[in-house]
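Could you walk me through how the side chains in this protein come together?

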Amino acid sequence: MSTILEVLRKGKSKTTAVVAIVAAAIVIPASLYAWGPTRTTYTIEQPAEHVTFNSITNNPNIGDERNFVGIREASAPNLWHDEMNVEPGKEYIVRMYVHNNAADNLNLVAENTKALVTLPTATGRSVQVDGAVTASNATPGTVYDHATFVGEQDFNIAYVPGTLKYETNKGTFDIPETVFDQRGALLGYDKMDGKVPGCFEYAGYLSFRVKPQFAPTNKFETQKQVRKSGETAWHKSIAANPGDEVEYQITYKNSGETRQNNVVLRDTLPQGINYVPGSTYLKNTVHTTPTKVSDNLTKPEGINIGDYQPNSVAYVKFNAKVATKDELECGAKTLTNKIRTTVDGGYIEDTADVTVDIECEPPVPEPGKIVVCELETNKVITIREDEFDENRHTTDLSKCDTPEVPVTPTTPVTPVTPTELPKTGVSNGTVTMAGLALVALIAGYAVTARRTLG
């Protein structure tokens, strides 16, 4: 590891780039190398007899010093994590602990002590921050650890300028941003001269703030409502009679952060509801008063209602008629109207219902037959007049159930789960480094490549 670091420090820029690329190609499971390298460990009761960093396993402040890189939310209590879920609008603090474990009675001072931090510029749903401490007379020469930011959507991590510092018992010191590239930044105790004596008294904390930057979202909403013609209030479901005229309203909203082009609406009317030609109107920021548009809304191709900036809203309204009593079968039925709104290949559907209840009339008997209530079965049946038996039948049909008349109701349409829209950035991207590749990449990043908040 120290050999790789030396090559990166001393080599020319071209050589550095090649070594960084080769080192980055080494694939080692991150779970096996959260920290490294494997090294001799010590305790506060039995510290090291030589210069070595972050190898005490029972530090009363941070526990196992090998796990020396942590993250916390800037406004949260002083609780540090190896993995942190990021949220929009929040800032986070990254911290590195630095401790020369040499016993204090040996008076061993670490020389040329430096910190190096890798803050990746890549975008993904997992971004790993790596830290390393080096010293020219330490064994091992370099120790390293990492912590990870994770999110539910693509993001990258940006350094907040002016927040980089190093704290010791002698005060708080400014650290140059060379800590983020192959040069690293010298640390110290009472001055940043690379000299760190052994013992807890001389330990320090390097920290800085970062802010997650999320890829713009591409989201939208759609809603379908209905009302009887002449009424003012909109509903998800209404009761109507055969022959009634109803009005449907479709609402679309760009609730994302990007412009949405060529928004298409397609309405599917159920059997029993008939579109009124010439009744479709559009209202939006361009058409501030309702403007008549194509009747293709209810056809397979639908209608294109244009392009919309974030937070823009459009309304489409049209009329339809419930079929007549002669065109509908008797009984209660729900007539479900469905709208599909499509944006960039993804779509959302919503529905509105019209319920109709047509009373079923008793069957008309053939000549020589009568309709009676059969007392034993409590059913209305048709029999010959000479079969009537007052002990078994009655002509009072109210004493029986309503006659069973076949009814074929329209099946309600189940709302379709919206298709997830394409995400901006690398989907499920992961930024990771491990093992030897970790420190090589630490050294390989340039200041100009780091993402910052202006």
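Glu111 has a relative accessibility of 28%, so Glu111 counts as partly exposed. Keep in mind as you look around that this is a predicted model. The partner of Glu111 is Lys195, and the closest N and O atoms of this salt bridge are 2.8 Å apart. Lys195 is partly exposed too, with a relative accessible area of 39%. Follow the chain between them and you will see that the pair links distant parts: Lys195 is in the loop between β11 and β12 (196-197), Glu111 is in the loop between β5 (109-110) and β6, and 84 residues separate them.

A search of the whole structure finds 18 salt bridges. In another one, the side chains of Arg209 and Glu91 meet at 3.2 Å, N to O. Because Arg209 lies in strand β13 and Glu91 in the loop between β3 (83-85) and β4, this pair ties together parts that are 118 residues apart in sequence. Arg209 is partly exposed at a relative accessible area of 33%, and Glu91 is partly exposed at 25%. Glu387 and Arg384 also form a salt bridge, at 3.2 Å from N to O. Here Glu387 has a relative accessible area of 32% and is partly exposed, while Arg384 is partly exposed with 43%. Salt bridges with shared partners also join Glu73, Glu87 and Lys90 into one network.

Now turn to the rings. The whole structure holds 11 aromatic pairs. Why is the pair of Phe180 and Phe208 edge-to-face? The ring centres are 5.2 Å apart and the planes of Phe180 and Phe208 stand at 85°, and an angle over 60 degrees counts as edge-to-face. Phe180 is buried at 2% relative accessibility, and Phe208 is buried at 1%. Together with Tyr159, Phe180 and Phe208 form one aromatic cluster.

Some rings meet charges instead. The charged end of Arg95 sits over the ring of Trp80, 4.3 Å from its centre. Likewise, Lys224 lies over the face of Tyr248, 4.7 Å from the ring centre.

Leu206 touches, among others, Val94, Met96, Ala115, Val117, Val179 and Leu187.

Finally, have a look at Tyr166, which is in strand β9 (residues 165-168). Is Tyr166 buried or exposed? With a relative accessible area of 0%, Tyr166 is buried. Its contacts include Val98, Phe173, Ile175, Met192, Tyr205 and Leu206. Of these, Val98 is 68 residues from Tyr166 in sequence, and the two C-alpha atoms are 9.8 Å apart in space.

Technical notes. Residues numbered from 1 in each chain as written. Predicted model: local features only at pLDDT ≥ 70, side-chain atom pairs only at ≥ 80, totals over all residues. Heavy atoms only, no water. Phe/Tyr/Trp six-rings, centres within 6.5 Å; stacked < 30°, edge-to-face > 60°. Buried < 20%, exposed > 50% of the residue type's maximum accessible area, 1.4 Å probe, protein only. Lys NZ or Arg CZ within 6 Å of the ring centre and 35° of its normal. Contact = heavy atoms within 4.5 Å. Helix = DSSP H or I, 4+ residues; strand = E, 2+ residues; numbered from the N terminus. Salt bridge = Lys/Arg side-chain N within 4 Å of Asp/Glu carboxyl O. Lists of a residue's contacts leave out its neighbours within four places in sequence.
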